[in-house]
Amino acid sequence: MIPAIVIAGTHSGCGKTTLACGVMAALRARGLVVQPFKVGPDFIDPSHHTAICGRPCRNLDPFMMGEDGVVRTFASASAGADIAVIEGVMGLYDGLEGGDLGSTAHVAKALGAPVVLVADVGGMSRSAHALVRGYTSFDPAVRFAGVIFNRVGSTRHRQMIEEGLSVPALGWVPTEKAKAVSSRHLGLAMAGEASMAAFGAVCEEHCDLDALIAAATSAPAAVPAPAAAGDSPRVRLGVARDAAFCFYYQDNLDLLRQAGADLVFFSPLADPLPDVDGLYLGGGYPELHAAALSRAPCTRAVGAAAADGMPVYAECGGLIYLCERLSSDADYPMAGVLPADARMNPRFQALGYVEAKSTGTSPLLPAGLSFRGHEFHYSSVDPAADARFALSLGRGKGIGDGRDGLSEHAVLAGYSHAYMTERFARAFCAALDRWRRER
């Protein structure tokens with residue numbers, strides 16, 4: 001039970017990520033231990049939160065993990081922190097298919113945490129009050145700590161808005177174009193490429209952090225008992241992690257450890273294939289590093305290991321990596337594990353939540369195992385006519401026609417970013433243990 005605050009926005013692009021990172025950095029600079037969270041299935045914003053706070057950011061997504069899962073993850077991850085800062089997703093009330101499910105408001109209510117609304121007031125003055133009053137009165141179950149007014153143009157602009165305030169003003173932040181972080185086709189640059197810590201000084205100067213801390217209230221969730229160590233045989237799981245492969249849910253990594261996996265992080269761009277019993281190839285940006293990946297010795301080693309029967313689970317960018325080739329600005333040979341080619345497209349090909357069920361085609365997951373996740377990609381994959389699919393989608397596009405998860409050897413690779421269940425993690429680790437004992 002620690003103080004918690006939700007940084008929400010009126011809409012995407014209002015500056016909530018910038019200001020959430022700034023608040024985190026400013027609180028850290030004051031010596032507080034800050035536990036970061038991100039509402040929704042995002043990977044990019046959490047990379048900035050983790051870099052700023054020095055603690056792994058956790059996703060809070062009621063659709064993928066349920067309300068109970070949101071409370072459990074929040075409570076366990078917050079242990080030892082002085083304050084939790086939760087960055088919202090899209091606009092405060094934007095949930096699945098126009099409803100409340102999965103919205104920032106949904107998470108705030110589930111945790112009993114107050115909301116700080118980020119309002120972009122560029123180009124408005126008195127109208128800002130109509131905007132704020134609409135948001136603060138829309139759902140009486142949402143508690144508001146106050147508002148941070150972003151992109152304030154001048155002292156006079158602030159004075160015009162200050163007249164008639166209906167909720168506390170916790171910040172008046174001017175436009176800071178010089179500190180903007182660049183974006184690309186999947187969103188902001190990752191934390192390893194650009195830092196948002198500079199916004200800490202901005203928030204310290206232009207926000208009332210003392211009032212924000214005072215407004216934060218303890219979430220009502222009790223911290224659960226620590227998860228018992230897994231009694232499965234220990235296996236070594238290689239996890240690709242570098243500039244090309246960087247999209248992982250921290251909860252997935254924790255579940256795999258609990259299921260018996262020792263995680264061995266390596267870079268397919270720079271490292272040899274480590275001595276492991278299986279591989280987890282997450283999403284990321286293989287298209288930005290296609291030339292280097294096609295030349296890397298690790299790419300050939302991954303292809304050989306997969307052909308030899310090593311269990312491999314891959315998502316999105318990992319799927320592309322395992323194809324025969326990737327076509328973008330040129331054609332690049334990839335690992336050649338899957339009977340499929342990948343290509344980049346000028347527009348995104350899928351965006352949204354996924355509900356998947358294993359068909360039993362892959363030895364990694366038993367038939368009937370189901371999970372939820374998310375997909376967002378600009379690439380498309382053209383499989384061979386006789387390609388086998390291991391996942392049937394009740395929701396989502398996948399590789400095509402509601403099918404996902406190409407299966408070849410002991411490889412399962414699809415577009416779905418899974419939010420793993422305990423059963424999923426145990427089944428995957430059991431496949432690694434079988435291969436370890438048989439080879």
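Threonine 299 is found in helix H11, which runs over residues 297–307; helices here are DSSP runs of H or I with at least four residues, strands are E runs of at least two, and both are numbered from the N terminus. The model is a predicted one, so local features need pLDDT of at least 70 and side-chain atom pairs count only at pLDDT 80 or more, while totals for chains, interfaces and linings use all residues. Residues are numbered from 1 along each chain as its sequence is written, and side-chain values use heavy atoms, with hydrogens and water left out.

Back to threonine 299: this residue counts as buried because its relative accessibility is 2%. Buried means under 20% relative accessible area, exposed means over 50%, and partly exposed is in between, with a 1.4 Å probe and protein chains only. Setting aside residues up to four places away in sequence, threonine 299 touches Leu293, Tyr321, Met334 and Ala335, where a contact means heavy atoms within 4.5 Å.

Zooming out, the protein has 13 helices and 26 strands. Taken along the principal axes, its C-alpha atoms fill a box of roughly 70 × 50 × 40 Å. For 439 residues, a compact globule would have a radius of gyration near 22 Å, and the 23 Å of the protein agrees with that. That radius is taken over C-alpha atoms, and the globule rule is 2.2 Å times the number of residues to the power 0.38. Of the 439 residues, 56% are buried. Among contacts between residues at least 6 apart in sequence, 72% join residues at least 24 apart.

As for the surface, the protein exposes about 17100 Å², and carbon and sulfur atoms supply 51% of that area; accessible areas come from the Shrake-Rupley method with a 1.4 Å probe, and for residues only the protein chains shown count as cover. There are 38 positive and 45 negative charges, and their mean positions are 1 Å apart. Lys and Arg count as positive and Asp and Glu as negative, whereas His and the chain ends are not counted. Each charge is placed at NZ of Lys, CZ of Arg, CG of Asp or CD of Glu.

Helix H13 takes up residues 422–438, and its 17 residues should span 24 Å at 1.5 Å a residue; the end C-alpha atoms are 24 Å apart, which agrees. The expected span is 1.5 Å times one less than the number of residues. The buried residues of H13 are Phe424, Ala425, Ala427, Phe428, Cys429, Ala431, Leu432, Asp433 and Trp435. Phe428 turns up again among the contacts of leucine 279.

Leucine 279 lies in strand S14, residues 278–281, and counts as buried because its relative accessibility is 0%. Beyond its neighbours within four places in sequence, leucine 279 is in contact with Leu237, Gly238, Phe266, Leu273, Val302, Met310, Pro311, Val312, Tyr313 and Phe428. Isoleucine 86 is 193 residues from leucine 279 in sequence, and the two are 31 Å apart in space, C-alpha to C-alpha.

Another strand residue, alanine 356, sits in S20, residues 350–358. Alanine 356 is buried, given a relative accessibility of 4%. Leaving out neighbours within four places in sequence, its contacts are Leu369, Ser370, Phe371, Ser392 and Leu393. Alanine 390 is 34 residues away from alanine 356 along the chain, with a C-alpha to C-alpha distance of 9.7 Å.

Arginine 151 is not a glycine, yet has a positive phi of about 60 degrees. Arginine 151 belongs to strand S6, residues 144–152, and is partly exposed at a relative accessible area of 30%. Histidine 409 also has a positive phi without being glycine, near 55 degrees. Histidine 409 is in the loop between strand S24 (403–408) and strand S25 (411–414), and counts as partly exposed at 39% relative accessibility.

Two further loop residues round out the picture. Serine 154 lies between S6 and helix H6 (155–162) and is partly exposed, with a relative accessible area of 37%. Its C-alpha is 9.4 Å from that of threonine 175, which is 21 residues apart from serine 154 in sequence. Glutamate 176 is in the loop between strand S7 (169–174) and strand S8 (183–184), and is partly exposed at 25% relative accessibility. Neighbours within four places aside, glutamate 176 is in contact with Phe199 and Val202. The C-alpha atoms of glutamate 176 and valine 202 are separated by 8.6 Å, with the two residues 26 apart along the chain.
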